[in-house]
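The sequence and structure come first.

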Amino acid sequence: MSVFTRILRHGRLSLTALRHRQGRTPPFLTVYMNSICNLTCEHCYYWRNLNQRDDLTLEEFSRLSAELGGFENLNLSGGEPFIRSEFAEVCTLFIRNNGVRQIYVPTSGYFTERTEKALRKVLQEPCLQRFVCEISLDGMPEYHNRFRGNPKSFDNAMATYDMLARLQREDARLRIHSSATASHENIDELRRLTKFLYDRCPAMEHHTLGMIRGDRKNPSLTGPSLARYSELYGYMRSVWKDREQSRFGAIVEPMLQWAKVRTTVSNTQYVPCTAGNMTGVVYANGDVSVCESHPPIGNLRRESFFQIWDSPRAQALRESIRAKQCHCTGEIAMWPSVVFQPVQLVRAAWSSRVWRSVPSEAQYNARVSPTMRAADHAGNAGSQAVPVAFHPRRAKEALREPSDLA
């Protein structure tokens, strides 16, 4: 994409962020591919909705795609998205009908063969510009497997990484990331994990860090102290410095982390949220909302997407968001709120000092003493902001084995 094209795109999306317009598809759409999952992750905020067996059919996804206008960024979720046998077919609908150019999907990495089969189909689409697989890991093997409720989880994730690295050599549009969710109990685990991944996974270009949020399955999990979270992010940034230099969107990461911390400290929308203009969510059962922190405002099995999206109840929710009656640290809603509001972009860039050089790992460790790294080790649950719940339905027990997934 040329510099001129990037400027035009940024201007167009910045105008979209200003206000809702009827019949306009949100440019950043999250679609829950399914509700089926074989793991029991303790931090999952979607756990009440898992394994409901009422997921949208391929035909229903086709009708949704036919109704929607063009949009560029598709964020897939679940459940475990790659469990769905029609994963590639659903992606293809949005690529061909809606002009989707970038797809992001978090995955446990448990199902290596299913993942490879689906990706090879999706990557046959010539118009797709980027497909990002984000392998979700919570710590080193022993901790991660216990946290996910499956002794094979970590090894399977590494096998999936190896497959993705081979596939990336065939098609450079495939990108490999890892994502981590910080709580009060796994900061040290994530510090060891990020160094392990950097050394073990040379084709992985990014390790992202988020804060635990929502109605987590294990209610005893709380947010980390901001001192420990910030120190961990600083260390991760130093470890991944060389791979971040050429990564698409890397300059936004420190701004996003700054926004998360300021939101948590202020306990309000520190950056005005554009959810409902820039972002939308379609859940596996057809529920629709403006973001993952708010309750559904309708269901596709009773109304069309734009009957829901342009309804008075949707507009009332946008007004409540604009009035800062909610706040969260969710990356999907926060990212466009920072990037496509020019005043907020300048503010975030200045406050996060994006122009400063990032120290190497050795330089970082020399600057930050072990005493400082251990500071506030007990954590401070009160510093963690909790977003609005979305009143999910009662969940069935999570499935454990692939044989249960037919």
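Arg318 is buried but forms no salt bridge, and Asp310, the nearest side chain of opposite charge, lies 5.0 Å away. Buried means under 20% relative accessible area, exposed over 50%, and partly exposed in between, with a 1.4 Å probe and protein chains only. A salt bridge needs a side-chain nitrogen of Lys or Arg within 4 Å of a carboxyl oxygen of Asp or Glu. For charge, Lys and Arg count as positive and Asp and Glu as negative, while His and the chain ends are not counted.

This is a predicted model, in which local features need pLDDT of at least 70, side-chain atom pairs count only at pLDDT 80 or more, and totals for chains, interfaces and linings use all residues. Residues are numbered from 1 along each chain as its sequence is written, and side-chain values use heavy atoms, with hydrogens and water left out.

Arg318 belongs to helix α12. Its side chain reaches the backbone oxygen of Trp309 at 2.8 Å. Leaving aside neighbours within four places in sequence, Arg318 is in contact (heavy atoms within 4.5 Å) with His20, Gly276, Asn277 and Trp309. Helices (H or I, at least four residues) and strands (E, at least two) are DSSP runs, numbered from the N terminus.

The sheet is open and has 9 strands in the order β6-β5-β4-β3-β2-β1-β7-β8-β9, with mixed pairing. Its edge strands, β6 (204-211) and β9 (298-299), each pair on one side only. Two strands pair if DSSP finds at least two bridges between them. Helix α6 (residues 153-170) packs on the sheet and touches β4 (130-136), β5 and β6. The direction of α6 makes about 150° with that of β5; axes are lines fitted to C-alpha atoms, for helices over the stretch in contact, and angles run from 0 to 180 degrees between N-to-C directions.

| Strands | Sense | Bridges | Residue partners |
|---|---|---|---|
| β5 (174-182) and β6 | parallel | 7 bridges | Ala180 and Leu209 |

Strand β3 (residues 102-107) is largely enclosed by the rest of the structure, because 5 of its 6 residues are buried.

Most residues other than glycine have a negative phi. Asn51, not a glycine, has a positive phi of about 55°. Asn51 sits in the loop between β1 (28-32) and α2 (58-67) and is buried, with a relative accessible area of 2%. Lys324 also has a positive phi, near 60°. Lys324 lies in the loop between α12 (312-322) and α13 (331-339) and is partly exposed, at 39% relative accessible area.

Terms used
Polar contact = N/O pair within 3.5 Å; in protein donor to acceptor, adjacent residues only side chain to side chain.
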